[in-house]
Amino acid sequence: MLSRTQQLDKTALIALQSLLMACQATDGHAIPAYPHLLAQHRQGPPSLLYYDHDVLVGFLAAFHFQPEICEVSLLVAPTYRKQGIATLLWHTMLPSIHTIRPSIKHLMISTPHDFNLSLFERHAFNFQHGEYNMEYLSHTPPRLAHSHPALTIRPAEHAHINNLCIIDKACFDPNRQHAELRFKRAIDNPNTHIFIAEHAEQIIGQVQLNFEENQVRLTDLAVLPVWQGQGFGQAIVAHCINHMFQNNHNHMTLVVAAQNQHALRLYQNLGFKIYNAVDYFKHNLTDFKRDL
């Protein structure tokens with residue numbers, strides 16, 4: 001049975017977690033499904049859930065993190081593969097992409113590292129990048145110094161939004177949209193903690209922590225390019241770990257690009273471990289064959 005929804009309830013989220021675990025056990029790694037976003041009411045194409053006797057065996061959701069790209073998360077339980085479920089989900093989802101988001105030009109799809117490579121080559125997908133999921137799971141803070149003597153780290157306020165936008169544009173994709181609104185909502189969200197880092201009376205860095213039931217997600221760590229390579233990023237992350245402990249959590253996760261060896265070493269030096277690896281492939285939507 002195929003079901004559509006704009007927001008996954010608690011039962012569906014638990015079922016999705018079970019499906020992710022089953023896929024990871026077979027595939028070696030798990031693709032991102034962004035359950036923290038699926039738990040919210042979302043605009044755009046609905047999430048698709050395929051059930052067999054009330055057991056979730058297929059799932060597809062589309063995300064729009066970039067203006068012209070639709071990122072798709074597609075999961076089929078290992079014992080239900082090659083039965084047409086993935087094809088059904090694709091055929092159901094694709095017609096709605098342009099209807100809801102006319103600007104979409106590319107499809108992005110994730111896959112466990114080194115998995116399904118022949119499938120993507122056969123359908124002319126182009127490899128884009130790889131990502132590592134890392135975690136800090138400990139009851140003690142990092143062994144390295146917890147602070148940088150020349151750095152002040154404190155919570156961001158609305159008055160800092162312009163500075164946050166400047167750092168965001170300098171360190172991430174300059175095409176990311178609605179930065180001011182994103183930061184305002186984050187600052188107003190009690191479960192999101194944004195910190196700014198000041199050096200020489202200038203705001204030079206930022207980081208965001210998202211507190212969830214069982215983990216803290218670290219995102220958007222950034223230091224202005226002119227100040228990079230001086231240990232500021234490490235000090236910001238160490239501050240975040242200590243802040244996590246102060247708020248009675250001990251499990252922090254993050255995502256880092258596989259090619260960013262500097263950031264990878266920074267996190268490893270602080271005690272983070274890789275627990276998952278994902279590859280991303282892109283295809284022009286106008287040339288896409290629907291029989292994936």
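Reader: Taking helices to be DSSP runs of H or I with at least four residues, numbered from the N terminus, where is the place of Asp168?

Author: In this predicted model, Asp168 belongs to helix 5, which covers residues 161-171.

Reader: Is Asp168 buried or exposed?

Author: Asp168 is buried, because its relative accessible area is 2% and anything under 20% is placed in that class.

Reader: And what does Asp168 touch, not counting residues up to four places away in sequence?

Author: With those neighbours set aside, Asp168 touches Arg176, Ala179, Arg182, Phe183 and Gln206.

Reader: How does strand 1 join strand 2?

Author: The two run antiparallel and are joined by 4 bridges, with strand 2 covering residues 47-52. In one of the pairings, Ser3 has Leu49 of strand 2 as its bridge partner.

Reader: What about strand 6, which strands does it pair with?

Author: Strand 6 (residues 126-137) pairs with strand 12 in the antiparallel sense over 9 bridges, and 7 bridges join it to strand 11 (residues 251-257), again antiparallel. For individual residues, Tyr132 has Ala277 of strand 12 as its bridge partner, while Glu131 stands opposite Ala257 in strand 11.

Reader: I've been looking at Val57. Which strand is that in, and what does it contact beyond four places in sequence?

Author: Val57 is found in strand 3, residues 55-66, and with a relative accessibility of 1% it counts as buried. Beyond its sequence neighbours, Val57 is in contact with Leu19, Tyr50, Tyr51, Asp52, Leu75, Val76, Ala77, Tyr80 and Ile85.

Reader: New topic: how many salt bridges does a search of the whole structure find?

Author: The search finds 6. In one of them, the side chains of Arg81 and Asp27 meet at 2.8 Å, N to O. Arg81 lies in the loop between strand 4 and helix 3 (85-100) and Asp27 lies in helix 1, so this pair ties together parts that are 54 residues apart in sequence.

Reader: Are those two buried or exposed?

Author: Arg81 counts as partly exposed at 27% relative accessibility, whereas Asp27 counts as buried at 11%.

Reader: Which residue does Glu68 form a salt bridge with?

Author: Its partner is Lys105, and the closest N and O atoms are 3.5 Å apart. This pair links distant parts of the chain, with Glu68 in the loop between strand 3 and strand 4 and Lys105 in the loop between helix 3 and strand 5, 37 residues apart. Glu68 is partly exposed at 35%, and Lys105 is partly exposed at 46%.

Reader: And Asp188, what is its salt bridge partner?

Author: Asp188 forms a salt bridge with Lys184, with 3.0 Å between the closest N and O atoms. The two are 4 residues apart in helix 6 (residues 179-188), which means that about one helical turn separates them.

Reader: Last one, then: how many aromatic pairs does the structure hold?

Author: The structure holds 8 aromatic pairs. Among them, Phe127 and Phe281 have ring centres 5.6 Å apart and planes at 75°, so the pair is edge-to-face. Phe127 lies in strand 6 and Phe281 in strand 12, so parts that are 154 residues apart in sequence are tied together by this pair. Tyr136 and Phe245 also form an edge-to-face pair, at 6.4 Å centre to centre with 70° between the planes. Here Tyr136 lies in strand 6 and Phe245 in helix 7 (residues 232-246), so the pair ties together parts 109 residues apart in sequence.

Reader: Which residues do ring pairs link into a cluster with Tyr136?

Author: Ring pairs link Tyr136 into a cluster with Phe245, Tyr267 and Phe272. Tyr136 itself is buried, with a relative accessible area of 4%.

Terms used:
Residues numbered from 1 in each chain as written. Predicted model: local features only at pLDDT ≥ 70, side-chain atom pairs only at ≥ 80, totals over all residues. Heavy atoms only, no water. Buried < 20%, exposed > 50% of the residue type's maximum accessible area, 1.4 Å probe, protein only. Contact = heavy atoms within 4.5 Å. Pairing = 2+ DSSP bridges. Salt bridge = Lys/Arg side-chain N within 4 Å of Asp/Glu carboxyl O. Phe/Tyr/Trp six-rings, centres within 6.5 Å; stacked < 30°, edge-to-face > 60°.
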